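I opened the model today to look up a few things about its helices and its core. These are my entries in order.

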Amino acid sequence: MTPAQQPPGETRPGGRTARTRAAVLDAVQAELSEGGFAALSMERIAQRSGIHLATLYRRWRSVEGLVCELLTEASTGIPLPDTGSLPEDLRLLARRIGTFYTAAPMRRLVEAVVSSAARIPRADTVLADFFHDRLRVAGGLVRRGIERGEVPPDTDPEAVMSALGAPFYYRILIARGPVDADLAESTATAVWAATLAGAYRVGGATPGVGRATPVVGRQRTDRTD
């Protein structure tokens, strides 16, 4: 891929390029926290970051491109585990999600984008595209579990990942409560049990029919790190 073909914001890491990117994304997050998506503009980001407006347009093209990259960058703070056991992966991922959202800037980022998505079609599209891609990538945990025979072969990976993330977003956006270790543990336990029961099978297949043997998974969920 040549530089001209690279997606918005994608450049070689290191040096001035990395400093420019960091300054711009910091500015985007600060602007979102203060004014939400509606007040976000390329001009304000250029002023706050100290990066020339033409550079922003050349590399990111639009506010939506910047917000999408900021969300993607933030999601790297939640690395996907690969322990060789789906219940362990679910537990570890839930813990990482919980730790990630204890940081106030991350909570404010989600709050700002979700709030804007309810009012602004452009923000809604950015948010939907981000979560669609994130669920697809995270679904790799479940696909590996299917290959190992831990769960029914027609389990929907994205449905499992949606169920794992939902309690955190409910706690942050609706209940307005703390995200803690108890939430992570109870969420992972409930999603694993529901997955074994066939709750997330493609096409709404009858739970319990053709279910994978859960013995190994249940033993592994009792283990502590």
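Entry one. I am working with a predicted model. I began with Glu69 and found this residue in helix α4.

Which side chain does the side chain of Glu69 meet in a polar contact? I found the side chain of Trp60, at 2.5 Å.

I stayed with helix α4, residues 63-75, and looked at how α4 lies against helix α7, residues 121-138. Two packed helices are described by the angle and the distance between their axes. Here the axes come within 10 Å and cross at roughly 35°. I noted the crossing of α4 past α7 as right-handed.

I sorted the residues of the contact into 5 nonpolar, 2 polar and 3 charged.

I turned to the largest nonpolar core, which has 57 residues. Val28, Leu32 and Val67 touch the most other members. Helix α10, residues 181-196, gives the most to this core, with 7 residues.

I looked up what Leu32 touches, leaving out residues up to four places away in sequence. I wrote down Phe37, Leu40, Val67, Leu70, Leu109, Ala112 and Val113. In soluble globular proteins, nonpolar side chains tend to be buried together.

Conventions. Residues are numbered from 1 along each chain as its sequence is written. This is a predicted model: local features need pLDDT of at least 70, side-chain atom pairs count only at pLDDT 80 or more; totals for chains, interfaces and linings use all residues. Side-chain values use heavy atoms; hydrogens and water are left out. A nonpolar core is a set of buried Ala, Val, Leu, Ile, Met, Phe, Trp, Tyr and Cys residues joined through side-chain atoms within 4.5 Å. Buried means under 20% relative accessible area, exposed over 50%, partly exposed in between (1.4 Å probe, protein chains only). Helices (H or I, at least four residues) and strands (E, at least two) are DSSP runs, numbered from the N terminus. Contact means heavy atoms within 4.5 Å. Axes are lines fitted to C-alpha atoms, for helices over the stretch in contact, and angles run from 0 to 180 degrees between N-to-C directions. A crossing is left-handed if the near helix is turned anticlockwise from the far one by less than a right angle, and right-handed if clockwise. Ala, Val, Leu, Ile, Met, Phe, Trp, Tyr, Cys and Pro count as nonpolar, Asp, Glu, Lys and Arg as charged, and the others, Gly among them, as polar. A polar contact is a pair of N or O atoms within 3.5 Å; within protein, one must be able to donate a hydrogen and the other to accept it, and residues adjacent in sequence count only if both atoms are side-chain atoms.
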